[in-house]
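I opened this model to look up a few things and wrote down what I found. The entries follow in the order I made them.

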Amino acid sequence: MANMLLLFYLSMIMFMVGGLVFVSNRKHLLSTLLSLEYMVLSLFIFLFFYLNYMNYESYFSMFFLTFCVCEGVLGLSILVSMIRTHGNDYFQSFSILQC
C-alpha cells in the first residue's frame, strides 16, 4: 500500500511539473508539445499502476496509450504545417487571424 501511495504522489508531481512547464514556456510550439506529452506519460504511469493495483484488466491502458499516440501525431503534424507556412515554430510570428 505504501508503494502505491508513493507512485501516486510521484505521478502527480510529474503531472504538476509538466503543467508548470506548459504554462511557463510559451515561446516554441515544440517545447509546448513536449510538456504535453510529458503530462500524458505521467497520467499513463498513474493509470497503469492503478489498474494493476486494483487487479483490473489493463486493456484500458492500451486504449489510452493509442489515443496518446494519435494526439502526439496530430501535434507534430500541426508543427510541421506551421514550419512549412511560417518558417519557424515561434508563437510570436504566428497570428490566428492569418489562417
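Where does Asp89 lie? I found Asp89 in the segment after H3. Before going on, I noted that this is a predicted model, in which local features need pLDDT of at least 70 and side-chain atom pairs count only at pLDDT 80 or more, while totals for chains, interfaces and linings use all residues. Residues are numbered from 1 along each chain as its sequence is written, and side-chain values use heavy atoms, with hydrogens and water left out.

**Entry 1: Asp89**

Is Asp89 buried or exposed? I read a relative accessibility of 14% for Asp89, which counts as buried (buried is under 20% relative accessible area, exposed over 50%, partly exposed in between, with a 1.4 Å probe and protein chains only). I then listed the contacts of Asp89, leaving aside neighbours within four places in sequence: Lys27, His28, Leu29, Leu30, Leu79, Met82 and Ile83 (contact means heavy atoms within 4.5 Å). For Leu79 I also looked up the spacing: Asp89 and Leu79 are 10 residues apart in sequence, and their C-alpha atoms are 7.1 Å apart in space.

**Entry 2: the elements**

I counted three helices and zero strands in the protein (these are DSSP runs, H or I of at least four residues for helices and E of at least two for strands, numbered from the N terminus). From the N terminus on, the order is α-α-α. Of the 99 residues, 22% count as buried. Among contacts between residues at least 6 apart in sequence, I found that 56% join residues at least 24 apart.

**Entry 3: H1 and H2**

Two packed helices are described by the angle between their axes and the distance between the axes. The axes are lines fitted to C-alpha atoms, for helices over the stretch in contact, and angles run from 0 to 180 degrees between N-to-C directions. For H1 (residues 2-24) and H2 (residues 29-53), I noted axes that come within 8 Å and cross at roughly 165°. That makes H1 roughly antiparallel to H2 (under 35 degrees is roughly parallel, over 145 roughly antiparallel, 65 to 115 roughly perpendicular, the rest oblique). The H1 residues in the contact include Phe8, Phe15 and Phe22, and those of H2 include Met39, Phe46 and Tyr53. By class I have 17 nonpolar, six polar and no charged residues here (Ala, Val, Leu, Ile, Met, Phe, Trp, Tyr, Cys and Pro count as nonpolar, Asp, Glu, Lys and Arg as charged, and the others, Gly among them, as polar).

**Entry 4: H2 and H3**

At what angle do H2 and H3 pack? I found about 180°, with the axes 10 Å apart. That makes H2 roughly antiparallel to H3. Among the residues making this contact are Leu36, Glu37 and Phe44 of H2, and Ser61, Cys68 and Glu71 of H3. The contact divides into 18 nonpolar, three polar and two charged residues.

I looked up Ser61 separately. Ser61 lies in H3 (residues 59-86) and is buried, at 2% relative accessible area. Not counting residues up to four places away in sequence, Ser61 touches Phe44, Leu47, Phe48 and Leu51.

**Entry 5: cysteines**

How many disulfides does the structure hold? I found zero (a disulfide is a pair of cysteine sulfur atoms within 2.5 Å). The sulfur of Cys70 is 9.1 Å from the closest cysteine sulfur, in Cys68, and that is too far for a bond. Cys68 is buried at 10% relative accessible area, whereas Cys70 is partly exposed at 46%.
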